[in-house]
Amino acid sequence: MSKRPLEALTETMFYVLMSFRKRDLCGAEIADFVERKTCGRVRLGPGTLYTILAKFEEEQLIREVNVLGRKRTYRLTDKGRALYGDELERLRACIADAESEEDDET
């Protein structure tokens with residue numbers, strides 16, 4: 001089976017990409033950002049977080065920029081920034097559809 005590129009992000013993937021908008025981060029900083037940003041609604045365990053980071057590296061959405069002992073720091077790539085923007089627009093369209101006053105019944 002061939003690998004398919006990411007079409008739509010999961011909620012946790014979206015927040016991980018969001019975390020990189022302003023600076024390079026390590027895993028603990030990403031998890032802290034997501035927990036703060038969502039007021040604790042979304043919590044990333046290490047297994048989930050590092051699975052996402054590995055997938056993002058494989059898809060070239062992020063790249064490792066520093067290693068200090070076990071601490072690895074990552075940076076968002078142009079491809080990652082573009083995917084984040086596309087996903088943001090997709091989610092905005094979903095919200096607009098949900099808030100539309102148009103009657104869906106025929």
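Student: How many bridges join strand β2 to strand β3, and which way do the strands run?

Tutor: In this predicted model, strand β2 (residues 62-68) and strand β3 (residues 71-76) are joined by six bridges and run antiparallel.

Student: How is a pair of aromatic rings described?

Tutor: Two quantities describe such a pair: the distance of the centres and the angle of the planes. The structure holds two aromatic pairs. In one of them, the ring centres of F14 and Y15 are 5.9 Å apart with planes at 70 degrees; because planes over 60 degrees apart count as edge-to-face, the pair is classed that way.

Student: Which pair is stacked?

Tutor: F14 and Y84 form a stacked pair, 5.3 Å centre to centre with 15 degrees between the planes. F14 belongs to helix α1 (residues 11-19) and Y84 to helix α4, so this pair ties together parts that are 70 residues apart in sequence.

Student: Is F14 buried or exposed?

Tutor: F14 counts as buried because its relative accessibility is 9%, under the 20% cut-off. Y15 is buried as well, and Y84 is buried with a relative accessible area of 11%.

Student: Where does L83 lie?

Tutor: L83 lies in helix α4 (residues 78-99). At 15% relative accessibility, L83 counts as buried. L83 and L61 are 22 residues apart in sequence, and their C-alpha atoms are 8.0 Å apart in space.

How values were computed
Residues are numbered from 1 along each chain as its sequence is written. This is a predicted model: local features need pLDDT of at least 70, side-chain atom pairs count only at pLDDT 80 or more; totals for chains, interfaces and linings use all residues. Side-chain values use heavy atoms; hydrogens and water are left out. Helices (H or I, at least four residues) and strands (E, at least two) are DSSP runs, numbered from the N terminus. Buried means under 20% relative accessible area, exposed over 50%, partly exposed in between (1.4 Å probe, protein chains only). Two strands pair if DSSP finds at least two bridges between them. Rings of Phe, Tyr and Trp (its six-membered ring) pair if their centres lie within 6.5 Å; planes under 30 degrees apart count as stacked, over 60 as edge-to-face and the rest as tilted.
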